[in-house]
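Dear colleague,

Please find below the sequence and the structure that I am handing over to you. My findings follow directly after them.

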Amino acid sequence: MTNGEQAKTTGGIMVQGLWYNNPVFRQILGICSTLAVTNVVMNTLVMCVSLTLVLTFSALTVSALRKVTPHSIRMMVQTLIIAFYVIIVDVILKGYWPEMSENLGPYVGLIITNCIIMGRCEGFARSNPIWPSIVDGFSNGVGYSMLLLVIATSRELLGMGSILGYPMPYFSTIWDKWTIMVMPPGAFFALACTIWLCRSFKPREEAK
């Protein structure tokens, strides 16, 4: 299987979302949140879980309603479905974890405009059955999360000498902390290096 091929099996759809069509390093989507929330691992983890849940349930709902949704207003319906799940996540965070809601600021609400979610709803869920759509949404959310967590771990470790707030040996004592890594320029640097490394690795059949 290579990039661009339509997967038919559950495993194939998973691999497409995680690697061949990874939304971050293959399609360069969701970059705003990638740059904005990856300075601290915990914030990134909450953002990743939120986006994966919204993407999975939005794909499920769009697929379930695909035969009764008029073609001319499908984009509006998809946006309303996505907004519904984003509001639920935002309300739960504000009610049960207000500190994290404040840390993430407007970026939870901006999941509504995340092009990964709209892209998967329009490109896959609206023309496929429920189960493949759930798998596609979940795998793309996990693929997005993997890249963000790699970037967040490197930024927090090199910039603050810790991971999840816990001081790491050597990096919290001897390492001269690179403060720039937890600043906006550090986000661009870490993202560029991660994309370069991921794209440098090509399975044998893809390189032909």
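I begin with Y170, which sits in the loop between β2 and α8 (184-200). Please keep in mind that the model is predicted. Although Y170 is not a glycine, its phi is positive, at about 75°. Its relative accessibility is 43%, so Y170 counts as partly exposed.

A second residue of this kind is L164, in the loop between β1 (162-163) and β2 (166-167). L164 is not a glycine either, yet it has a positive phi of about 55°. With a relative accessible area of 40%, L164 is partly exposed.

The helices come next. Helix α7 has 31 residues and reaches 43 Å from its first C-alpha to its last, which is close to the expected 45 Å.

How are α3 and α7 placed relative to each other? They pack at an angle of about 165°, and their axes are 8 Å apart. Because angles over 145 degrees count as roughly antiparallel, α3 is roughly antiparallel to α7. The crossing of the two helices, α3 and α7, is right-handed.

The UniProt record, an unreviewed entry, places the feature "transmembrane region" at residues 44-65, 77-98, 104-121, 142-166 and 178-198. In the model, residues 44-65 are 95% helix and 0% strand, with end C-alpha atoms 31 Å apart. Residues 104-121 are 44% helix and 0% strand, and their end C-alpha atoms lie 25 Å apart.

Lastly, I turn to the cysteines. How many disulfides does the model contain? The count comes to 0. For C48, the nearest cysteine sulfur is that of C198, 14 Å away, and C48 is in no disulfide. C48 has a relative accessible area of 2%, so it is buried. C193 is in no disulfide either, and the nearest cysteine sulfur, again that of C198, is 11 Å away. C193 is partly exposed, since its relative accessible area is 29%.

Yours sincerely

Definitions and conventions
Residues are numbered from 1 along each chain as its sequence is written. This is a predicted model: local features need pLDDT of at least 70, side-chain atom pairs count only at pLDDT 80 or more; totals for chains, interfaces and linings use all residues. Side-chain values use heavy atoms; hydrogens and water are left out. UniProt positions are given in the numbering used here, feature names are shortened, and annotations may be inferred rather than shown by experiment. Helices (H or I, at least four residues) and strands (E, at least two) are DSSP runs, numbered from the N terminus. A disulfide is a pair of cysteine sulfur atoms within 2.5 Å. Buried means under 20% relative accessible area, exposed over 50%, partly exposed in between (1.4 Å probe, protein chains only). Axes are lines fitted to C-alpha atoms, for helices over the stretch in contact, and angles run from 0 to 180 degrees between N-to-C directions. Angles under 35 degrees count as roughly parallel, over 145 as roughly antiparallel, 65 to 115 as roughly perpendicular and the rest as oblique. A crossing is left-handed if the near helix is turned anticlockwise from the far one by less than a right angle, and right-handed if clockwise. The expected span of a helix is 1.5 Å times one less than its number of residues.
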